[in-house]
Amino acid sequence: MREEAEVLASLGRMGQELLGGLDDPLLCDLLCRRAAELTGADKAQLFLRRDEDGAFAYAASHGLDPTDLETARMLEIPSELFETSAENGKGFPQLPSLPPGDHRTVRLFRGGLCIGALVLSRSRGTFDEKQERILSGIGPVASLAFEAARLFRALEAANSMKSDFIALVSHELRTPLNVILGYVSLLLEGDFGPLGAEQRNVLARVEESARKLCALVGETLELRRLLTARVPVHVAETDVGRVLDEVLAECEEAARRKPLVALRLEPPRSHGTIRTDPAKLASVLRQLVENALKFTESGEVRVGWVEKNGGIEIFVRDTGPGIPEEKVSWIFEPFTQLEPVSTRQHGGAGLGLHLAKRLAELLGGTISVESRPGAGSTFRLWLPFRPPTELEPELFDTVV
């Protein structure tokens, strides 16, 4: 029983390691290495079925000398040789790359189809009873890992296709929206003749709705760029106070629509100069302030900053409804809204906080939140005085 427990524990650890490396291109090498270690094999060779002709071709190995490795890489094995070999038995194909000794073939399956074969060899001695039991368990464990890896790749491809589609639609929406905004602006300025008060009111609503849709398109494209690592970072000396002044000025219109809410800036407690990307800092702060204004019906939204832990911490505190503790972790997920769709009172696609968090991390910072129902929320953005080395390598080269 103790030996059986050791076998199961070994297979369990191997399964965890393989499943933990689904996105690792070296998964095949990991399987060969771990299988050889668990069974005491000197050499391991993995052959996988090719989709186009069903033949088995070399995928990875462990312990082969250069000559045998070159031979294994040239092999193309007909599918029937592995499909008819007895699993864990000695009915394995006589491969040219096999050294003298004791050999076992472990087959990998997807459904009823053999998709791979792992050939393990011992040049001295034979596989003992415990190793034979491990061999019998490697097949199901490895088959599960390879199927999970296949599904993982399919999911990544589907996600990439969805992301590309969203980006394409967003690009196509941006042009007609800009045309609409341009004509509305010309109408409101009187370029096509005088307008009555009611006409101006209707056009103002059209303009506001178009700008909201434009902002949503912009957020979607920004998310796409972040996911594909195509966001350039331009580091410069940045006055946090000046950036905050600009952001609050931009948010004044949203604040005016909330007559019971005061937007306040606390007096600075430090100089507030850091090296970062000012445009991205402004984008993060704009998302945080607009989010606070959107969910606060009365009271205030207060903004300020302090020096903390080798950087600047900027806080945005509101007197809104607060967030239940179990839902705090959700708010930074993309396309997430805490309100049910059928009863939502606030607009948006649920991208703002996710983008803010991704941009903050891009700048080497963090965003945290403290909240409880009925007591409002406080979002804290922390950024270092100097950016990570990869954002500004020449600065760190001179400093270090």
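Which residue's side chain meets that of Glu208 in a salt bridge? Please also describe the setting of that pair and of other such pairs.

Reply: The partner of Glu208 is Arg257: their side chains meet in a salt bridge, at 4.0 Å from N to O. This pair links distant parts of the chain, since Glu208 belongs to helix α6 (residues 197-227), whereas Arg257 sits in the loop between α8 (252-256) and β7 (261-265). The two residues are 49 residues apart. Glu208 counts as partly exposed because its relative accessibility is 33%, and Arg257 is likewise partly exposed, with a relative accessible area of 45%.

The pair also has a wider setting. Glu208 and Arg257 are linked with Glu252, Glu253 and Arg256 in a network of salt bridges.

The model is a predicted one, and its confidence should be kept in view. The chain averages a pLDDT of 81, and 84% of the residues score at least 70. Over residues 340-344, however, the pLDDT is below 50, and this stretch has two contacts in the model beyond near neighbours in sequence. Residues 395-400 also have a pLDDT below 50, with eight contacts beyond near neighbours in sequence.

Glu297 forms a salt bridge with Lys258, the closest N and O atoms being 3.7 Å apart. Glu297 lies in the loop between α9 (278-295) and β9, and Lys258 in the loop between α8 and β7, so this pair ties together parts that are 39 residues apart in sequence.

The side chains of Glu129 and Arg133 meet in a salt bridge at 3.2 Å, N to O. Both residues lie in helix α5 (residues 129-188), four residues apart, which is about one turn of the helix. Glu129 counts as exposed at 58% relative accessibility, and Arg133 counts as partly exposed at 22%.

These pairs belong to a total count of 25 salt bridges. In summary, Glu208–Arg257 links distant parts of the chain, whereas Glu129 and Arg133 both lie in helix α5.

Methods. Residues numbered from 1 in each chain as written. Predicted model: local features only at pLDDT ≥ 70, side-chain atom pairs only at ≥ 80, totals over all residues. Heavy atoms only, no water. pLDDT = per-residue confidence, 0-100. Contact = heavy atoms within 4.5 Å. Buried < 20%, exposed > 50% of the residue type's maximum accessible area, 1.4 Å probe, protein only.
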